[in-house]
Amino acid sequence: MNPNEHFTQLARYNVWATERLLQAIEPVSELDYRRDLRLFFKSIHGTLNHLLVGEHMLWQRRFARGESPMLALDMEVEPDRDRLAQALKGGAKVWEPLIAGWPAERFDGKLSYTSTNGQAMNLPFAATLAHVFNHGTHHRGQITAALTFLGQPAPVLDLVYFLQQKSP
């Protein structure tokens, strides 16, 4: 599999998993949605805001435009629950066409950016892109654990289930 195909598939999985997670969160009460559940970013809402900051406002800009915004990882950029869900869905859909437009040799290069603490970074491009999708998987897992704790059904988000649904 060439790197464009591999990462495009991960981008599609990211959209699928994001949409399934957000659908599973819909019945959660506003109180439980914002409740400190002892997640790293405290609540479901805080974790979703972190995903918006990390995946879309930091990494997407680093990969797409070579920008290095200085944003706090726990910043609440969207207080409204519905607008946050829409921003996450829309941001997830940006990755596939972005990746599809890169030449294969780009994946063998480096990604240079400035970290949120001001440190210059020069990391392997493909491995760092893999981090973006792995990071989303990590935090979606935290939220599914929170749903289980709250007595809500948690969606199945494993990559293999995405592959099974999408295979002919």
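Let's start with aromatic pairs: searching the whole structure turns up 14 of them. Two rings of Phe, Tyr or Trp (its six-membered ring) pair if their centres lie within 6.5 Å, and planes under 30 degrees apart count as stacked, over 60 as edge-to-face and the rest as tilted. Keep in mind that this is a predicted model, where local features need pLDDT of at least 70 and side-chain atom pairs count only at pLDDT 80 or more, while totals for chains, interfaces and linings use all residues. Residues are numbered from 1 along each chain as its sequence is written, and side-chain values use heavy atoms, with hydrogens and water left out.

**Ring pairs**
- The ring centres of Tyr-13 and Trp-16 are 5.9 Å apart with planes at 35°, so this pair is tilted.
- Both Tyr-13 and Trp-16 belong to helix α1 (residues 3–25), 3 residues apart, or about one turn of the helix.
- Tyr-13 and Trp-16 are both buried (under 20% relative accessible area, using a 1.4 Å probe and protein chains only).
- For Trp-59 and Tyr-113, the centres are 5.1 Å apart and the planes at 70°, so that pair is edge-to-face.
- This pair ties together distant parts of the chain, with Trp-59 in helix α3 (residues 44–65) and Tyr-113 in strand β1 (residues 110–114), 54 residues apart.
- Helices (H or I, at least four residues) and strands (E, at least two) are DSSP runs, numbered from the N terminus.
- Trp-59 and Tyr-113 are also members of a cluster linked by ring pairs, which includes Phe-7, Phe-63 and Trp-95.

**Charges over rings**
- Arg-62 has its charged end over the ring of Trp-59, 4.4 Å from the centre (the rule asks for NZ of Lys or CZ of Arg within 6 Å of the ring centre and within 35 degrees of the ring normal).
- Arg-81 does likewise with Tyr-33: its charged end sits over that ring, 4.1 Å from the centre.

**The nonpolar core**
- The largest nonpolar core has 24 residues, and Leu-21, Ile-25 and Tyr-33 are among those with the most contacts inside it.
- Such a core is a set of buried Ala, Val, Leu, Ile, Met, Phe, Trp, Tyr and Cys residues joined through side-chain atoms within 4.5 Å.
- Helices α1, α3, α4 (81–100) and α5 each supply at least two residues of this core.
- The largest share of this core, 7 residues, comes from α1.

Definitions and conventions:
Buried < 20%, exposed > 50% of the residue type's maximum accessible area, 1.4 Å probe, protein only.
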